[in-house]
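Please look through the sequence and the model before reading the comments.

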Amino acid sequence: MELSIGEMLMIALAIVVLFGPDKLPEIARGLGEGVRKMRGAVDDIKTEIMKEADHPLSEIKKEIDNVKKSAQDYNPLADKQSVPAAQETPKVDLSEDESHEGPVSR
């Protein structure tokens, strides 16, 4: 929001008319003090956000490294070799099985 010189003069004139020239220094001090407090609060908030944002990033990086290490150690062939062959069901050739009647047609 940009104010031109004419707009700033109109605001200053309105303040002088509303509050009088005696209260003007007091208002300026109060306004300056409020601006300083707001800047300090904003700086504190920025510092806290940066601290909190940095901490989870380092944890995420550690987790990524752990996943990479686990992926390098993983051998998919080791899982297939551990399955016993006895668990596989034998395949039956139905053309040689005489007990099988096949589809019934009417």
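The numbered points below go from the overall fold to single residues.

1. The protein chain has an average pLDDT of 79, and 71% of the residues score at least 70. Confidence is highest in helix 1, at 90, and lowest in helix 3 (residues 76-81), where the mean is 64. Where pLDDT is low, the predicted coordinates should not be read in detail.

2. Secondary structure. The protein chain contains three helices and zero strands. Followed along the sequence, the pattern is α-α-α.

3. Burial and surface. How many of the 106 residues of the protein chain count as buried? The share is 1%. Buried here means under 20% relative accessible area. The protein chain exposes about 10,600 Å², and 60% of that area is supplied by carbon and sulfur atoms.

4. Helix 1. This helix has 15 residues. From its first C-alpha to its last it reaches 21 Å, close to the 21 Å expected at 1.5 Å a residue. Gly 20 follows helix 1, and the phi of Gly 20 is positive, near 90°.

5. The nonpolar patch. Which residues make the nonpolar surface patch of about 510 Å²? They are Leu 3, Ile 5, Met 8, Leu 9 and Ile 11. Leu 3 lies in the segment before helix 1, which covers residues 5-19. With a relative accessible area of 39%, Leu 3 is partly exposed. Patch residues need over 30% relative accessible area, so Leu 3 passes that cut-off.

6. The salt bridge. The structure holds one salt bridge. In a salt bridge, the side chains of Lys 37 and Glu 33 meet at 3.5 Å, N to O. Why are these two residues about one helical turn apart? Lys 37 and Glu 33 are separated by about one turn because they are four residues apart in helix 2 (residues 24-73). An α-helix has 3.6 residues a turn, so residues three or four places apart point the same way.

7. Exposure of the pair. Are Lys 37 and Glu 33 exposed or partly exposed? Lys 37 counts as exposed, at 57% relative accessibility, and Glu 33 counts as partly exposed, at 40%.

Definitions and conventions
Residues numbered from 1 in each chain as written. Predicted model: local features only at pLDDT ≥ 70, side-chain atom pairs only at ≥ 80, totals over all residues. Heavy atoms only, no water. Patch = residues over 30% accessible without salt bridge, like charges linked within 9 Å, V, L, I, M, F, W, Y side chains within 5 Å. Areas by Shrake-Rupley, 256 points an atom, 1.4 Å probe, with all protein chains shown as cover. Salt bridge = Lys/Arg side-chain N within 4 Å of Asp/Glu carboxyl O. Buried < 20%, exposed > 50% of the residue type's maximum accessible area, 1.4 Å probe, protein only. Expected span 1.5 Å × (residues − 1). pLDDT = per-residue confidence, 0-100.
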